[in-house]
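User: I am new to this structure and would like to learn how to read its features one by one. Could you take me through them slowly, giving the general idea before each case?

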Amino acid sequence: MSGQIDTLPPLREVVERHELMAKKALGQNFLFDLNLTSRIARQAGNLEGYDVIEIGPGPGGLTRAILANGASRVIAVERDPRCLPVLAEISEHYPNKLDVIEGDALKVDYKKMLQRPAKIIANLPYNVATPLLIGWVLNEEWPPYFESLTLMFQKEVAERICAKPRSKSYGRLSIICQWRCETNIAFEVGPQAFYPPPKVTSAIVTLIPREKPLECDVNKLERVTQAAFGQRRKMLRSSLKPLGGAALLKKAGIEETKRAEELNVEEFVALAREI
Ligand code: SAM
């Protein structure tokens with residue numbers, strides 16, 4: 001089942017015609033099922049009146065779904081030039097609605113290109129997924145230039161983003177993301193949905209920027225989470241010694257015998273403020 005969301009040819013046929021063999025080095029695991037890509041696009045809510053930034057459109061399965069779901073414009077950043085002719089066909093089908101930028105998503109200044117409120121939607125290449133996410137979550141201006149992030153990650157990364165205290169996935173990524181955003185795993189996607197199938201299960205995560213995250217210096221928050229989770233089995237009075245140890249914990253009102261995974265985001269922020 002591949003789904004009928006537009007009158008363009010099925011993706012499998014498009015990929016064969018353009019001889020677009022997936023390249024592992026570029027994290028290429030393509031989605032061919034347009035019902036699934038539509039479900040991902042719908043997860044981002046209303047797209048009418050929005051510029052949507054998509055990273056790694058590849059053969060365009062998700063791009064087509066975002067456009068079919070009413071986005072005013074899609075700005076798609078793709079590193080692999082072999083994908084450009086396929087994306088040009090989609091652009092012809094949706095005149096003036098798809099801008100493709102050939103390049104590295106880590107190096108693009110997105111804000112400069114926007115004409116409307118923006119949402120980011122992507123089936124991310126796994127090799128750059130976490131650095132891209134951290135770049136967005138630590139955007140200097142806050143609230144940032146995007147209203148939401150709807151992103152496919154490996155399930156294990158999705159769990160780290162959304163983990164709660166006292167779970168094994170809880171760590172630095174959970175705290176940085178949840179400090180600034182509400183995070184949620186929307187649904188899982190099995191390996192067989194991709195071509196070629198990866199070894200692991202994936203999941204769609206949504207991140208909605210908090211209007212007013214608790215105030216704190218992000219560099220200090222990073223220092224404290226790095227020290228605490230760098231030695232997650234130790235009590236904080238020991239793991240946080242280089243930052244002030246027991247005295248720091250006392251100032252922040254936190255018991256010195258606690259361990260990193262027992263503190264919630266507010267408590268990490270309290271520690272960061274006292275450094
Ligand atoms: N969106 C397509 C889909 O869902 O079928 C393809 C997703 S595939 C997981 C990741 C895509 O990101 C590939 O098309 C790959 O070429 C592209 N890519 C890899 N590294 C990139 C980078 N640094 N910047 C932009 N695109 C990149």
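The dialogue below goes through the sheet, the helices, the salt bridges and the ligand site.

User: What kind of model is this, and how are its residues numbered?

Analyst: This is a predicted model, in which local features need pLDDT of at least 70 and side-chain atom pairs count only at pLDDT 80 or more, while totals for chains, interfaces and linings use all residues. Residues are numbered from 1 along each chain as its sequence is written, and side-chain values use heavy atoms, with hydrogens and water left out.

User: In what order do the strands of the sheet lie?

Analyst: Strands (E, at least two residues) and helices (H or I, at least four) are DSSP runs numbered from the N terminus, and two strands pair if DSSP finds at least two bridges between them. Here 7 strands form an open sheet with mixed pairing, in the order β4-β3-β2-β5-β6-β9-β7. Its edge strands are β4 (98–102) and β7 (181–189), each of which pairs on one side only. Ignoring direction, neighbouring strands of this sheet are turned by 20° against each other on average; axes are lines fitted to C-alpha atoms, for helices over the stretch in contact, and angles run from 0 to 180 degrees between N-to-C directions.

User: How should I look at a helix, taking α2 as the example?

Analyst: An α-helix has 3.6 residues a turn, so residues three or four places apart point the same way. In α2 (residues 34–43), the buried residues are Leu-34, Leu-36, Thr-37, Ser-38, Ile-40 and Ala-41. Asp-33 caps the N-terminal end of this helix, with a side-chain oxygen 2.8 Å from the backbone nitrogen of Asn-35, and just after α2, Gly-45 takes a positive phi of about 80°. The helix α2 lies across β5 (118–123), β6, β7 and β9, and runs at about 165° to β7.

User: How many salt bridges are there, and which residues do they join?

Analyst: A salt bridge is a side-chain nitrogen of Lys or Arg within 4 Å of a carboxyl oxygen of Asp or Glu, and the structure holds 14 of them. In one, Glu-141 and Lys-111 meet at 2.8 Å, N to O; this pair links the loop between α5 and β6 with the loop between β4 and β5, 30 residues apart. Glu-141 counts as partly exposed because its relative accessible area is 47%, and Lys-111 is likewise partly exposed, at 42%. A network of salt bridges links Asp-51, Arg-73, Asp-99 and Arg-116.

User: Finally, which residues come nearest to the ligand?

Analyst: A residue is near a molecule or strand if one of its heavy atoms lies within 4 Å of it. Of the 20 residues around the ligand, those that come nearest are Gln-28, Leu-31, Gly-56, Glu-78 and Asn-123. A polar backbone atom of Leu-31 is 2.8 Å from an oxygen atom of the ligand, and a polar backbone atom of Pro-57 is 3.4 Å from a ligand nitrogen atom.

Definitions and conventions: Buried < 20%, exposed > 50% of the residue type's maximum accessible area, 1.4 Å probe, protein only. Polar contact = N/O pair within 3.5 Å; in protein donor to acceptor, adjacent residues only side chain to side chain. Contact = heavy atoms within 4.5 Å.
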